[in-house]
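The following exercises are to be worked with the sequence and the coordinates at hand. Each task is followed by a solution in steps.

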Amino acid sequence: MTGLWRSGLTALLLWCAWPALAAELPPLSLADAKGKEAVILDTRPSYFYQGWPMDGEKQGGHVAGAELLSAEWKYSDEEWPAALASKGLKADKPVALYGTPREVAEVARLLRQQGIKQLFELQGWKEAPREHLARWKQLVHPLWLADLQAGKPVIAAPKGEWKVFEVDWGSPKAYLLSHIPGAGYIDTNRLEGEPLWNKVSDEALKALLLENGIRHDTTVILYGRNTMAAARAAHLMMYAGVEDVRLLDGGLEAWFVQHLRTETGLANKFTPAKEFGVAIPARPEYYTTLDQAKALLKQPDGALVSVRTWDEFVGNTSGYSYIKPKGD
């Protein structure tokens, strides 16, 4: 018990010291930061950077031109060089940080460990011009969803009926033990099929949507233990014509981090919808066939981009147990 008490006391002292550490950074105005060509770093959680306003703010998003290096992120020693390079951080380049005192202090500590010494605290950032991601409302954060479920007023609220679904592969084994209250469950086997796990037919996709009470004008909020599964479902729902599809930023893990309530038991069943409301697919341009991809490569202004790992791209591995050909 003594060891636990000491550990708790140490953590408390470190937490209390963060504001003092942040105060050690010399202040720098936005004008001076631009004059010094400093890298401006947002140290807050990613959803504030993307566009969601903090409590008491009238505008969300990040200071125009700022990079994101959240105090919540954890990099390994091997990952730091690439992270620094991607944000233009160098030992001889000034850096202006903004966020809460704790967040600024934590990121400053990490940057010092990486040899970044010219650190400043950005002044007046709350009043500075902001930018936000083009579709920030589609990437919701856990506290927003919890407030929506609690019936509290939220920014960018759904215009009509909304539903929450967990998306995963196979039977809902993990879902049964813990899931977001009120969430339904979608098995990716209903979205894609063997042998290459391509999209199911439009008729099968429509049947799944109607079965789960999803119309074109239903707001659908998706999350997963594997966020890629939720993103796959979001893509195909948008292809079908669901107008407002949103993803929980960080998936179920982000919900756990906020210590929000979960429940156990069988998957929630929604009243089936009688009709989807528009012809499927309403947005066929969201899905590209192999022939269309080949044609795109021949266009001078076209771009076909691989999002696979480097080993998959260069042909060291196919990346799939059921696909033998390698390379791009």
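**Exercise 1.** Does glutamate 192 count as buried or exposed, and at what relative accessibility?

*Solution.* The model is a predicted one, in which local features need pLDDT of at least 70, side-chain atom pairs count only at pLDDT 80 or more, and totals for chains, interfaces and linings use all residues. Residues are numbered from 1 along each chain as its sequence is written, and side-chain values use heavy atoms, with hydrogens and water left out.

Step 1. Apply the classes: buried means under 20% relative accessible area, exposed over 50%, and partly exposed in between (1.4 Å probe, protein chains only). Glutamate 192 has 16% relative accessibility and therefore counts as buried.

Step 2. Glutamate 192 belongs to strand S11 (residues 192–193); helices (H or I, at least four residues) and strands (E, at least two) are DSSP runs, numbered from the N terminus.

Step 3. List the surroundings. Not counting residues up to four places away in sequence, glutamate 192 touches Trp197, Asn198, Lys199, Val200 and Arg232, where contact means heavy atoms within 4.5 Å. With the side chain of arginine 232, the side chain of glutamate 192 makes a polar contact (2.9 Å). A polar contact is a pair of N or O atoms within 3.5 Å; within protein, one must be able to donate a hydrogen and the other to accept it, and residues adjacent in sequence count only if both atoms are side-chain atoms.

**Exercise 2.** State what average pLDDT the protein has.

*Solution.* The pLDDT is the predictor's confidence in each residue, from 0 to 100. The protein averages 91, and 93% of the residues score at least 70. Over residues 1–20 the pLDDT is below 50, and this stretch has 6 contacts in the model beyond near neighbours in sequence.

**Exercise 3.** Describe the setting of aspartate 42 in strand S2.

*Solution.* Step 1. Aspartate 42 lies in S2 (residues 39–42) and, at 0% relative accessibility, counts as buried. From S2, Ile40 and Asp42 point one way while Val39 and Leu41 point the other way, and all are buried.

Step 1. Identify the strand partners; two strands pair if DSSP finds at least two bridges between them. S2 and S5 run parallel and are joined by 4 bridges, with valine 95 of S5 as the bridge partner of valine 39. S2 also pairs in the parallel sense with strand S4 (residues 67–68), over 2 bridges; here leucine 68 is the partner of aspartate 42.

Step 2. Turn to the side chain. Aspartate 42 makes a side-chain polar contact with the side chain of tyrosine 98 (2.8 Å). Alanine 66 is 24 residues away from aspartate 42 along the chain, yet their C-alpha atoms are separated by 6.4 Å.

**Exercise 4.** Which residues have the most contacts inside the largest nonpolar core?

*Solution.* Step 1. A nonpolar core is a set of buried Ala, Val, Leu, Ile, Met, Phe, Trp, Tyr and Cys residues joined through side-chain atoms within 4.5 Å. The largest has 35 residues, and those with the most contacts inside it are Val63, Leu122, Trp144, Leu145 and Ile180.

Step 1. Among the elements that give two or more residues to this core are helix H2 (30–35), strand S6 (119–122) and helix H6 (142–149). H6 gives the most, with 4 residues.

Step 2. Valine 63, leaving aside neighbours within four places in sequence, is in contact with Leu30, Tyr98, Leu122, Trp125, Ala128, Pro129 and Arg130. A second, separate core of 27 residues includes Leu222, Val242, Phe270 and Ile280.
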